[in-house]
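Let's take a walk through this structure together. Have the sequence and the 3D view open, and turn the model as you read.

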Amino acid sequence: MADLSPSSGVDAALAGGRLTIDLAALVRNWRKLDALSAPARAAAVVKADAYGIGASPVVQALYSAGCRTFFVALPHEGVEVRKVAPDARIFVLTGAFSEDRTGFEESRLIPLLCSLDQVRDWLGSRAQFSSFGIHVDTGMNRLGLNVAEALALASEINDLKQAGLCHLMSHLACADDPLHPLNAKQRKAFQGVRSVFSGVESSLCNSAGIFLAGDYLCDMTRPGIALYGGEAVNDTENPMEVVVTAETRIVQIRHAKASETVSYGATTTLSRDTTIAVCATGYADGFNRASGSGVSLRDAEPVVGHGFVAGTKVPILGRVTMDLTMFDATNAPLNTVHVGDYVELFGKNIALDDAARAAGTIGYEFLTSLGRRYHRRYSGMA
Ligand SMILES: *Cc1c(COP(=O)(O)O)cnc(C)c1O
């Protein structure tokens, strides 16, 4: 594999935390989603720096595994992907602003145009490389031509194909909730548009949509979060392998007495004499300030976040601060927890989505918020 640096980001000895990214698990996740998508093929959504874990190594690993279609949110992300995937197709989900054309051409990016104005604009500007896709909104009211606008293009489909139309897409609003009636409604609306755009490749499913299977799959799927090991579907066991492990380093171990308080606001009062592991990761590293307070998401019971060290789940004590988080290490076996040791924030022992839930959010937000202060290790590619 070309130029895959085994580590990046901050030097390990100088960083407060480290991320270990298992590229072999990523590849197995992609292969699994690709198989589940059959007869469609799975592309890979690598927007937001591949959900915070590093677009270049992710794209290189998936490209080596045979993935040839990538989706990014913004043109500048596509420029980065092009550097490591010379002959892949790179789709840009937010379409094209009118002044964007040169960048699109230089990096051969394919915009997913999301309004009739954007389509007219794109067709009106003369250029050599002009492949484009059309994004149709079937019920989310985010991006896309509405269904009536898309159907009204029926008489122009052949001209559009000649002008470079190569993809038709829509996006599900509720795929994470398989029983939600909007799923079937969107599928039907999209099938109607697909029949007018016959012969044009189409995609509808994000990660969760792949598990809806059947007619939802179309010709191509667009998994993101499931590639990276996150939960796609609510209230079911996550079938994906862990890709990202985040760990924080113990800076100090202190012994506090029952009835003392911990962290800003003195919101936590110790009920027993407590061994506190003070660790060098905080909300500036995306380890959400609410992780220690157990904010509830939907109707879930509030749960305080935990770390994992020396075979023991260790609860967060008090508020997470900008650079530091305190864990209750009292239950760890004697003499097993030391300054300099790493405490897992999420990974194989603490599920990403459990850590996110404890902070009142979702795995997507946890991953994309990781930030620049971690040492990063990429493992698992031969
Ligand atoms: C982000 C995104 C995806 C990927 O979604 P996941 O839920 O992460 O699989 C697919 N399609 C569109 C349009 C997106 O914005």
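This is a predicted model: local features need pLDDT of at least 70, side-chain atom pairs count only at pLDDT 80 or more; totals for chains, interfaces and linings use all residues.

Which residues come nearest to the ligand? Of the 14 residues around it, these are Lys47, Tyr51, Ser207, Ile225 and Tyr364. Sorted by class, the shell around the ligand holds seven nonpolar residues, along with four polar and three charged ones.

Arg142 brings an N or O atom of its side chain to 3.2 Å from an oxygen atom of the ligand. The side chain of Arg222 also takes part, with a polar atom 3.0 Å from a nitrogen atom of the ligand. Gly224 contributes through its backbone: a polar atom there is 2.8 Å from an oxygen atom of the ligand. How much of the ligand's accessible area does the protein cover? On its own the ligand has 390 Å² of accessible area, and the protein covers 94% of it.

From here, turn to strand β13, which spans residues 244-256. Strand β2, made of residues 17-22, pairs with β13 in the antiparallel sense over five bridges. To find your place in this pairing, look for Gly17, which stands opposite Thr248 in β13. Thr248 is a handy landmark for another pairing too, as it stands opposite Val343 in β20. Strand β20 covers residues 342-346, and its antiparallel pairing with β13 runs over four bridges.

Strand β13 has a further antiparallel pairing to trace, with strand β16 (residues 274-279), over six bridges.

Finally, two backbone details deserve a visit. Where does a cis peptide bond occur? Such a bond joins Ala38 and Pro39, with omega at about 5 degrees. Pro39 itself is found in the loop that runs between α1 (23-37) and β3 (41-42). The other detail is Ala50, which is not a glycine and yet has a positive phi of about 55 degrees. You will find Ala50 in helix α2, residues 47-51.

Notes:
Residues are numbered from 1 along each chain as its sequence is written. Side-chain values use heavy atoms; hydrogens and water are left out. A residue is near a molecule or strand if one of its heavy atoms lies within 4 Å of it. A polar contact is a pair of N or O atoms within 3.5 Å; within protein, one must be able to donate a hydrogen and the other to accept it, and residues adjacent in sequence count only if both atoms are side-chain atoms. Accessible areas come from the Shrake-Rupley method with a 1.4 Å probe; for residues, only the protein chains shown count as cover. Ala, Val, Leu, Ile, Met, Phe, Trp, Tyr, Cys and Pro count as nonpolar, Asp, Glu, Lys and Arg as charged, and the others, Gly among them, as polar. Two strands pair if DSSP finds at least two bridges between them. Helices (H or I, at least four residues) and strands (E, at least two) are DSSP runs, numbered from the N terminus.
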